[in-house]
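Please work through the exercises below with the sequence and the model at hand. Each task is followed by a solution in steps.

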Amino acid sequence: QSPTSHNRTLEKILDDAQHTGEITLSGRKIKEYPKIASKYDLYYTTLVDISRNRFTEVPSEVFEYCCLENFNCYHNVIRAIPEALVQLESLVHLNVSRNQLTNLPASLCTLRSLQVLLASNNRLVSLPEEISKLENLMHLDVSSNEITHLPTQIGDLEKLLWLDMGNNLLVEL
């Protein structure tokens, strides 16, 4: 595709997103969020998919979407989750798998609405002790990391139905 048709496609995606509330930019080999997104009314976006790209950080534009429920940044080269993620108070599903994360910030655990957290295939060495604050968490996948132990607070996750800790460096449970 020529750069012109690629931009037209981005414009079409963003134009449609104003009506559907869904921004899907997966598999486009992009390194940064499209600047033209600011031309569109995306405030009420509920889904953002930037998976399979080359992002090195979570785009700050995402934090402006007050109604965001589903955020997928699977398979990028993101090294850290910014504190600003706490602004996404409606977030239910977060996929940060296949990145280069070494930790999950404690601030992530203030997202009371979060039900699904997928963080497999990173470089995580531990989970925050504050994880028990994720009172609605039902699905946690932190498989294929470098986690050596679980915080005891993980036992306080009363709604947790599915936990995948496979392929880590756990010494004891």
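The exercises go from the whole chain to single residues.

The model is predicted, so local features need pLDDT of at least 70 and side-chain atom pairs count only at pLDDT 80 or more, while totals for chains, interfaces and linings use all residues. Residues are numbered from 1 along each chain as its sequence is written, and side-chain values use heavy atoms, with hydrogens and water left out.

**Exercise 1. Describe the elements and the overall dimensions of the protein chain.**

Step 1. Helices (H or I, at least four residues) and strands (E, at least two) are DSSP runs, numbered from the N terminus. The protein chain has 1 helix and 7 strands. Read from the N terminus, their order is α-β-β-β-β-β-β-β.

Step 2. The radius of gyration, taken over C-alpha atoms, is 17 Å, close to the 16 Å that the globule rule gives for 173 residues, so the protein chain is as compact as a globular protein of that length. The globule rule is 2.2 Å times the number of residues to the power 0.38.

Step 3. Along the principal axes, the C-alpha atoms fill a box of roughly 55 × 25 × 25 Å.

**Exercise 2. Determine what share of the residues is buried and which residues have the most contacts inside the largest nonpolar core.**

Step 1. Buried means under 20% relative accessible area, exposed over 50%, and partly exposed in between (1.4 Å probe, protein chains only). Of the 173 residues, 42% count as buried.

Step 2. A nonpolar core is a set of buried Ala, Val, Leu, Ile, Met, Phe, Trp, Tyr and Cys residues joined through side-chain atoms within 4.5 Å. The largest such core has 47 residues, and Ile23, Tyr33, Phe71, Leu94 and Leu104 have the most contacts inside it. Helix 1 (residues 3–20) gives the most to this core, with 4 residues.

Step 3. Contact means heavy atoms within 4.5 Å. Beyond its neighbours within four places in sequence, Ile23 is in contact with residues including Ala17, Tyr33, Leu42 and Tyr65.

**Exercise 3. Locate Ser97 and name its contacts beyond the neighbours within four places in sequence.**

Step 1. Ser97 lies in the loop between strand 4 (93–95) and strand 5 (116–118). With a relative accessible area of 4%, Ser97 is buried.

Step 2. The contacts of Ser97 are Cys73, Tyr74, His75, Leu118, Ala119, Ser120 and Asn122, with those neighbours set aside.

**Exercise 4. Examine the phi angles of His75 and Asn121.**

Step 1. His75 lies in the loop between strand 3 (70–72) and strand 4. Its phi is near 60 degrees, a positive value in a residue other than glycine. His75 is partly exposed, with a relative accessible area of 38%.

Step 2. Asn121 is found in the loop between strand 5 and strand 6 (139–141). Asn121 is not a glycine, yet its phi is positive, at about 55 degrees. At 27% relative accessibility, Asn121 counts as partly exposed.
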